[in-house]
Amino acid sequence: MRIILIGPPGAGKGTQAASIKAEYGIAHISTGDILRENVRNSTKLGLSAKSYMDAGKLVPDGLIIEMVGERLAAPDCKDGFLLDGFPRTPQQAEALDMILQKMSMVMNAVALLEISDEEVLRRLTSRRVCTSCGEIYNVITRPVKTEGVCDICGGKVIRRDDDDESIIRSRLNIYHEQTAPLIQYYDKKQLLKRVDATGPKDAVLKLLNAMRSNG
Ligand code: AMP
């Protein structure tokens, strides 16, 4: 199973991905997570990406495409993968098509998580994440038991720098300008599946299961 998750920041791509990964056991490739790890480790890629990420802007296509190309060549992607946060521009989508063609692979589905800008703002300004295990919390709907400490692994729970309101607005604008054109791109390829992002956390998994049982 090879799947792409598309949706604005805060649509719940990471949450939906977790349930898909748990059931299908496929590689979960979150470009945002890979970049954040590179920033934490001060790699060359991390140093190049940091200023874009802090400003809520997209990291240049060349850097991202190379990074994803290397990741998709890893052995754990052979039996399927889930792309979360990539592609985000038409250039990235075209580059992905080329990479897949070279590997003689095709995508099975592109799930679009639909949500309003207002709901995204509401969710992200109250989002907190664990810097160790990546668990996602919310100060209103799912607070940690002890302030700043992950309930699961004891790691440090923080608000991401790019979850600041003005940066969220800028990320939303970039989504509408640069990522939304991909909706048409994948609709034309008959791969697009629309999912209500305010519905259950396993809505995409259910859709994939239904697709599988329909052959
Ligand atoms: P995310 O965790 O997916 O919201 O990504 C966090 C940040 O990483 C984004 O705001 C971008 O700066 C950068 N990023 C992640 N994925 C991509 C991508 N496919 N293309 C460009 N920048 C990306």
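Let's start at Lys189, which has a relative accessibility of 39% and so counts as partly exposed. Bear in mind as we go that this is a predicted model. Lys189 makes a salt bridge with Asp97, and the closest N and O atoms of the two are 3.2 Å apart. Lys189 sits in the loop between α8 (181–188) and β8 (192–196), while Asp97 belongs to helix α5 (residues 90–102), so this pair ties together parts that are 92 residues apart in sequence. Asp97 is partly exposed too, at 23% relative accessibility. The cut-off for buried is under 20%, so 23% puts Asp97 in the partly exposed class.

How many salt bridges does the structure hold? The count is 15. Another one to look at joins Asp54 and Lys50, with 2.5 Å from N to O. Here both partners lie in helix α3 (residues 44–54), four residues apart, which is about one turn of the helix. Asp54 has 33% relative accessibility and counts as partly exposed, and Lys50, at 36%, also counts as partly exposed.

Asp162 and Arg160 meet through their side chains in a salt bridge of 3.0 Å, N to O. Are these two buried or exposed? Asp162 comes out at 12% relative accessibility, so it counts as buried, and Arg160, with a relative accessible area of 14%, is buried as well.

Next, the ligand. There are 16 residues around it, and those that come nearest are Thr31, Arg36, Lys57, Gly85 and Gln92. Which part of the fold gives the most to this shell? That is helix α2 (residues 31–40), with four residues. Sorted by class, the shell has six nonpolar, four polar and six charged residues.

Arg36 places a polar side-chain atom 2.9 Å from an oxygen atom of the ligand. At Lys57, a polar backbone atom is 2.6 Å from a ligand oxygen. Gly85 also uses a polar backbone atom, this time 2.8 Å from a nitrogen atom of the ligand. As for cover, the ligand taken alone exposes 480 Å², and the protein buries 96% of that.

Pro87 lies in the loop between β3 (81–84) and α5. Then comes Arg88, whose backbone oxygen lies 2.8 Å from a polar side-chain atom of Thr179. Thr179 is found in helix α7 (residues 165–179). With a relative accessible area of 4%, Thr179 is buried.

The backbone has a couple of other spots to check. Ser42 isn't a glycine, yet its phi is positive, at about 50°. You'll find Ser42 in the loop between α2 and α3, and at 47% relative accessibility it counts as partly exposed. Ser104 is another residue other than glycine with a positive phi, near 55°. Its place is in the loop between α5 and β4 (109–114). Is Ser104 buried or exposed? Ser104 is exposed, with a relative accessible area of 70%.

Last stop: the aromatics. Searching the whole structure turns up one aromatic pair. The rings belong to Tyr185 and Tyr186, with centres 5.0 Å apart and planes at 90°, so the pair is edge-to-face. What about their accessibility? Tyr186 has 1% relative accessibility and counts as buried, whereas Tyr185 is partly exposed, with a relative accessible area of 21%.

Notes. Residues numbered from 1 in each chain as written. Predicted model: local features only at pLDDT ≥ 70, side-chain atom pairs only at ≥ 80, totals over all residues. Heavy atoms only, no water. Phe/Tyr/Trp six-rings, centres within 6.5 Å; stacked < 30°, edge-to-face > 60°. Buried < 20%, exposed > 50% of the residue type's maximum accessible area, 1.4 Å probe, protein only. Near = heavy atom within 4 Å. Polar contact = N/O pair within 3.5 Å; in protein donor to acceptor, adjacent residues only side chain to side chain. Areas by Shrake-Rupley, 256 points an atom, 1.4 Å probe, with all protein chains shown as cover. Helix = DSSP H or I, 4+ residues; strand = E, 2+ residues; numbered from the N terminus. Nonpolar A, V, L, I, M, F, W, Y, C, P; charged D, E, K, R; others polar. Salt bridge = Lys/Arg side-chain N within 4 Å of Asp/Glu carboxyl O.
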